[in-house]
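Subject: Structure for you to look through, with notes on salt bridges and cavities

Dear colleague,

Please find the structure below, with its sequence, and keep it open while you read the notes that follow.

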Amino acid sequence: MNVNQHTPMASPYGQPQPGYGQPSYAPQDGGYPGPYSPYNGPASAHQPGVPPQGYSPFTSFPSKAVAANPVSDLSSPLDLGPTRLPPTSAPPPASAPQPYNQYTHSQGDMQNGPPPMTQAPPRPAAAQPYTQGHVNMSGSLPSYPQHYGPPPSMQQVTNQMTGMQITPGPPTSAGPGYVPPHSSQPPLSTAYSAAAQPSYTQAPPPASSAPTQPPPASGPAASQQYYGGPPPSSQQPFNSSLPPTSQQQFTSSVPPPPSQQSFPPSSFSGPAPPPTRPQGPPMSQSQPQMPFPSQPPFSAPPPVSQPGFAGGPPPPVQGSFPPQPTQPSSQPGSFPPPGPPPTSATSGQYTTSMAQQPPPPTQPSPYHSGPPPPRVQMPPTSMGQSNHMPPGPPGPLQQPPAQPGMQTGFPPQQNGAFGQVRGPQPGYAGPYPGQPNYGAQAPAPAPSAQKRLDPDAIPSPQASDMPAVQKSRHRIDPDAIPSPIQVIEDDKAKSTEPFTTGVRGQAPPLVTTNFQVKDQGNASPRFIRCTAYNMPCTSDMAKQSQVPLAAVIKPLATLPPDETPPYMVDHGEAGPIRCNRCKAYMCPYMQFIEGGRRFQCGFCSCVTEVPPQYFQHLDHTGKRVDCYDRPELSLGTYEFLATVDYCKNNKLPQPPAFIFLIDVSYNAVKSGLVSLICNELKTLLDLLPRENPEMDSVVRVGFVTYNKVLHFYNVKPTLAQPQMLVVSDVSDMFVPLLDGFLVNVNESRQVIESLLDQIPEMFADTRETETVFGPVIQAGLEALKAADCAGKLFVFHTSLPIAEAPGKLKNREDKKLIGTDKEKTLFQPQVGFYKDLAKDCVAQGCCVDLFLFPNQYVDLATLGVVPVSTGGSIYKYTYFQAQADQERFLNDLRRDVQKQVGFDAVMRVRTSTGIRATDFFGSFYMNNTTDVELAGLDCDKAITVEFKHDDKLSEETGALMQCAVLYTSCSGRRRLRIHNMAVNCCSQLADLYRNCETDTIINYFAKYAFRGVANNPTKAVRDTLVNQCAQILACYRKNCASPSSAGQLILPECMKLLPVYLNCVLKSDVLMPGADVSLDDRAYLKQLISCMDVTETHVFFYPRLLPVMKLESGSLPVAVRDSEERLSKGGVYLLETGLHLFLWVGASVQQELLLNIFGTPSFSQIDPNLTSLPVLDNPFSQRLREIIDSFRAQRSRYMKLMVVKQEDRSELIFKHFLVEDKSASGGASYVDFLCHMHKEIRQLLS
């Protein structure tokens, strides 16, 4: 989606695309402006030649296809029709409002969008005819209308949605990226294809109109909610907003092209006469929304709706469509390129999909099945598309590819029309509920479609429960909206050369791409990533766009082996060369003048004398002749050796110390934790950090145990046995010994090992259950003060500190406050003691890492204050069991002890005139507005910095930033690490939107939002995020996109994934917790995300889901989208979030695969409690274990493996991470949220 999206668009929707000749695209009412229509947009992504794989735009909704024109509304880009709304489909209207709330938490919540419906809007009777008016079945629908103006009918809404386009700017080949990655997912429709439902084919055309008004039947179903139960109307609202895409799309803006129109009627009728309907085209155009009289009763065959979704159990209606003969032929065939065969043509475009779709009614269920009832959310469609297409309708599936015509025209389109009508999907019964199959007879109650997730239709109870309607609900084709996988794969394909940093304002490859960096004057993206590489020249422009201007800085990031670590520069006693005024350090942006005797600062323009020892002549270009011999004149990142002037109290620092403080209360001893820690420390002491691998570490160590009192140990090398000194007066903490507490490991090894053997025995029979916490940190702090050094405390703690002592806490967990205005108090520390203690720790350079092993509430929001403020880390192992959790804990502990870390650090970010750093996010302490103080800074910690304008910037000079970090290395040397970054400045909004990085924007938004929950209700935080995102996209639409129908959703190419990623942030446990998420879990995630870099937040919010049925050495399989619809019950998938690792095993996996992975031929014999795969002697087992090990090596925390069998209870945990689906806690599905965003944008534009 390039900034100028129109460019890409091909002919107007209405016109036949080269690929699509079908009428379906005909402009509905004239068609969208050319740009959109074809919106072949990101054809690249999809290759034109090939129908996009999961993506055929139309595929998914054939009917929609019909509506395609309307779709155009969406304009190529995204058709948001409700298509995919999750299961709710039935009552789209109602849902409309819902969407918001859905996403917000409760309908009411959503402030934008239609008024929340607190109650479910009444659902229209199943039988009711769909009238245009009807469209708002739920009533909430109207809200949509508001958007659009007169309340559109459902249809209209749908059409509009469909119409929405996410046109990126000019579509790039990758383009909209809607194309689902081919490889990974077949077209949605495909998935459905299982059943071939010819019916669709005919139906599709009508669909467009019909969509508008889903058959009444569906209405009720819709009411059922995604979850399967009868959804309250409110729920539906969500969908409603996204009523069937096709409907909206078309409806809203343009009448469908004739051919399409014609369909509409039929589609409505449901029962009926698809073919004839086609003739109706005209009407449909004119009245896309109206139900056709003939079909008025949509209800009759609500099937459509269900089928549409196929995902859930098909609505009865669906059933009605029997698999009808697969008409696929027409559909696929229809694809007929240009020819616009009437109905078929229409369908054709979409047809492809449709044909595919033709799966039998049951198919729908597939989609549904996968998801848990609560979240019926994704129709199998997407699943199917994703990797596995349902085996079912092979023919249809393949079809998409087959339709050449279509593809050609189409691929580009994909983006364009979001909703694009897709051919009938296998899964979807009909494009719209009503239409599902045109000729089909009344839908039988579909079998309760199995709730299979996978296209194959794995049955899933939930699905079945869902009303058909809901399922069908899903109108927008998930393959027709921007696909994260497609964008990731496209970026990998184009990033083949090393990334050189010499070009100002050049956006680096995505964090998901493996690339090599060559430093040529700007810091590597491994150290700094920006939200925008073209900064607006003025604050007015920045305010207008609302794009956050921020950088995510990871000062001590670890580089891959093939990249050179930063060079060390030693200027001797004189120290680094700096600007006299702003104190910026020498860097490539300094301009030498007067023959090299002076230099002008690139940040403040001040002229400074060059010291005699640093003087060098200039060449004919004005550069110093030694420019390329000096890292500080030619590189973006380097280090200076700091002089004594840069040290605390002007004296060189002592080497740091590590102090281990172990909880020996009853819980810790009984769980086996104490003996586990003591055993591990014996080997860990040889792995303390060091700068030179050949040398021994100079880090000293000390040991303390505690429960209600503290026990210090004297382990000086001259002792035969360690000595224990007990401090029971915890209210006035002191260290009872100086000599012998902090020792060198090699000198005291025997005494230390003796101590570690004795501790578990000494406390084996303890009955003490109470613990202290504040005095434990005070003890470590006092020991470091006495030794006059910085260091790190490793605290192993198990329970809420309720014993009498400073920092004593009480249990304040109150579930009744969740969701109220007082919820924020639960994220604030309950006492001020720890904030003061943290300040003292930072002053001493005392960093605290906390390892927690809680069995109940421990008030992590309070206990975490010191670790977070000192630059430390928190590790949490709830319900710790030595057997199951030791691998994860020990790996985390080893890495935490060994990793490179700096102490007593201060970071300052300087910028050129015009902007300045105004806000910082991460784990640190700030005493003033400029200096970020970190008692400890390790290689995993990132700090997000926000910039604001304080003057104008110029396009010629760009904007400069320099991050300087002063720290003490683990060998006790004072260093300065410098990172320089130059970005372009622009006076045109289009240039700003052309060069942004969505992953970095999401990192900023997540940290901003998670910090905000401590001071604002979570609903207000979510609303703020949605509003800012809508403003960003509305500004683009208004100022950068070519004129197009308001029904189109148009997204900038580099931000086309902003909605899907933002929805993942909104649905996270911090902002929208499920009932099973504890306050401690939320406080833990809030702290964890605050110091993540862009790579970590990306995989955390949008987990990586890999099909591992076929593995090749040397390359990974292409990932699939995070939706239940993409899972095949015959498949095995690996999902990683950076914190968790799941291996999901389908119920009908082949015996050979099970033998290769688990050594057992039967699904029922797989042990669900496995935390590691058996080591088997076959290439598949070896490769799978290699992949798991490589994933773990890439992450800063060890990911414990969880084997999830399909239909097992543990599947609910796994499904929580399928973020494109509706979440059990009420979070919207991707399709629903996209429709919601479209509505928000339209409100802003109107």
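A cavity, as the word is used here, is a set of points on a 1 Å grid over the protein atoms alone where a 1.4 Å probe fits but cannot get out, and its lining residues are those with an atom within 4 Å of a point. Grid points are joined across faces, edges and corners, and a volume is the space filled by probe spheres set on the points.

Before the findings, please note that this is a predicted model, in which local features need pLDDT of at least 70 and side-chain atom pairs count only at pLDDT 80 or more, while totals for chains, interfaces and linings use all residues. Residues are numbered from 1 along each chain as its sequence is written, and side-chain values use heavy atoms, with hydrogens and water left out.

Cavities

A search of the whole structure finds four cavities of 30 Å³ or more. The largest cavity holds about 190 Å³ of space and is lined by 18 residues, of which Leu1088, Met1092, Glu1096, Ser1196 and Arg1197 lie nearest its centre. Two elements give two or more residues to this lining, namely helix H41 (1079–1090) and helix H42 (1094–1101), and H42 gives the most, with three residues. Helices (H or I, at least four residues) and strands (E, at least two) are DSSP runs, numbered from the N terminus.

By class, the lining of the largest cavity divides into seven nonpolar, five polar and six charged residues, where Ala, Val, Leu, Ile, Met, Phe, Trp, Tyr, Cys and Pro count as nonpolar, Asp, Glu, Lys and Arg as charged, and the others, Gly among them, as polar. Because domain 1 (656–899) and domain 2 (1103–1218) both give residues to the lining, the largest cavity lies between them; the domain bounds come from an automatic or database domain assignment.

The second largest cavity has a volume of about 90 Å³, and among its 14 lining residues Phe499, Gln506, Asn522, Tyr533 and Met981 lie nearest the centre. Its lining has nine nonpolar, four polar and one charged residues.

Salt bridges

The structure holds 46 salt bridges, each being a side-chain nitrogen of Lys or Arg within 4 Å of a carboxyl oxygen of Asp or Glu. One of them joins Arg977 and Glu639, whose closest N and O atoms are 2.8 Å apart. Arg977 lies in strand S24 (residues 974–986) and Glu639 in strand S10 (residues 637–641), so this pair ties together parts that are 338 residues apart in sequence. Arg977 counts as buried at 10% relative accessibility, and Glu639 counts as buried at 4%; buried means under 20% relative accessible area, exposed over 50%, and partly exposed in between (1.4 Å probe, protein chains only).

Other pairs sit within a helix. Arg994 and Asp991 meet in a salt bridge at 2.8 Å, N to O, and, being three residues apart in helix H37 (residues 989–994), they are separated by about one helical turn. Arg994 is partly exposed at 41%, and Asp991 is partly exposed at 25%.

Glu1186 forms a salt bridge with Arg1183, with the closest N and O atoms 3.3 Å apart, and both lie in helix H44 (residues 1179–1194), three residues apart. Here Glu1186 is partly exposed at 44%, whereas Arg1183 is buried at 15%.

Finally, Arg895, Asp896, Lys899, Asp938, Asp940 and Lys941 are linked in a network of salt bridges.

With best wishes

Methods: 1 Å grid on protein atoms, 1.4 Å probe; cavity = no way out; pocket = protein on both sides within 12 Å on 5 of 7 lines; lining within 4 Å.
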